[in-house]
Amino acid sequence: MDTNYYNIGEVSKMFNLPISTLHYYDREGLFPNLNRSESGARRFDDGTVETLRLIECLKKTGMEINRIRISLKTVTNEEQKPAETVVL
């Protein structure tokens, strides 16, 4: 199965988000598996685009970035302390 890659401008247009927001999400650790080109440019694969879709849905509920990060870790089965999972 081939993986599609999108540059940050393409993803920005897909979601109608400023590029600065995507940079912020990356700095906040919301894209832990984000690929980079040899020159360091962000490359979003289909999985990262789906992660962004989830982030945007959670944001619309009013969830804060820290809670979104915890939710993403839970969804991706990263190790969690029980208390973190409960407070979602």
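Student: In what order do the elements of the chain run from the N terminus on?

Tutor: Helices are DSSP runs of H or I with at least four residues, strands are runs of E with at least two, and both are numbered from the N terminus. Here the order is β-α-α-β-β-α-α-α, which comes to five helices and three strands. Bear in mind that this is a predicted model, where local features need pLDDT of at least 70 and side-chain atom pairs count only at pLDDT 80 or more, while totals for chains, interfaces and linings use all residues. Residues are numbered from 1 along each chain as its sequence is written, and side-chain values use heavy atoms, with hydrogens and water left out.

Student: How do I read the packing of helix 1 and helix 2?

Tutor: Two packed helices are described by the angle between their axes and the distance between the axes. Axes are lines fitted to C-alpha atoms, for helices over the stretch in contact, and angles run from 0 to 180 degrees between N-to-C directions. Helix 1 (residues 8–15) and helix 2 (residues 19–27) pack at about 105 degrees, with axes 9 Å apart. Helix 1 and helix 2 are therefore roughly perpendicular, a label that covers 65 to 115 degrees (under 35 is roughly parallel, over 145 roughly antiparallel, the rest oblique).

Student: Which residues of helix 1 and helix 2 meet?

Tutor: Contact means heavy atoms within 4.5 Å. On the helix 1 side you'll find Ile8, Gly9, Val11 and Ser12, and they meet Ile19, Leu22 and His23 of helix 2. That set divides into four nonpolar, three polar and no charged residues.

Student: What about the largest nonpolar core: which residues have the most contacts inside it?

Tutor: A nonpolar core is a set of buried Ala, Val, Leu, Ile, Met, Phe, Trp, Tyr and Cys residues joined through side-chain atoms within 4.5 Å. The largest one has 17 residues, and Phe44 and Leu52 have the most contacts inside it. Helix 3 (46–60) gives the most to this core, with four residues. Leu52 touches, among others, Val11, Phe15 and Phe31, leaving aside residues up to four places away in sequence.

Student: Is arginine 69 buried or exposed?

Tutor: Buried means under 20% relative accessible area, exposed over 50%, and partly exposed in between (1.4 Å probe, protein chains only). Arginine 69 has 19%, so it counts as buried. This residue lies in helix 4 (residues 65–75) and touches Glu28 and Leu30, not counting residues up to four places away in sequence.

Conventions. Nonpolar A, V, L, I, M, F, W, Y, C, P; charged D, E, K, R; others polar.
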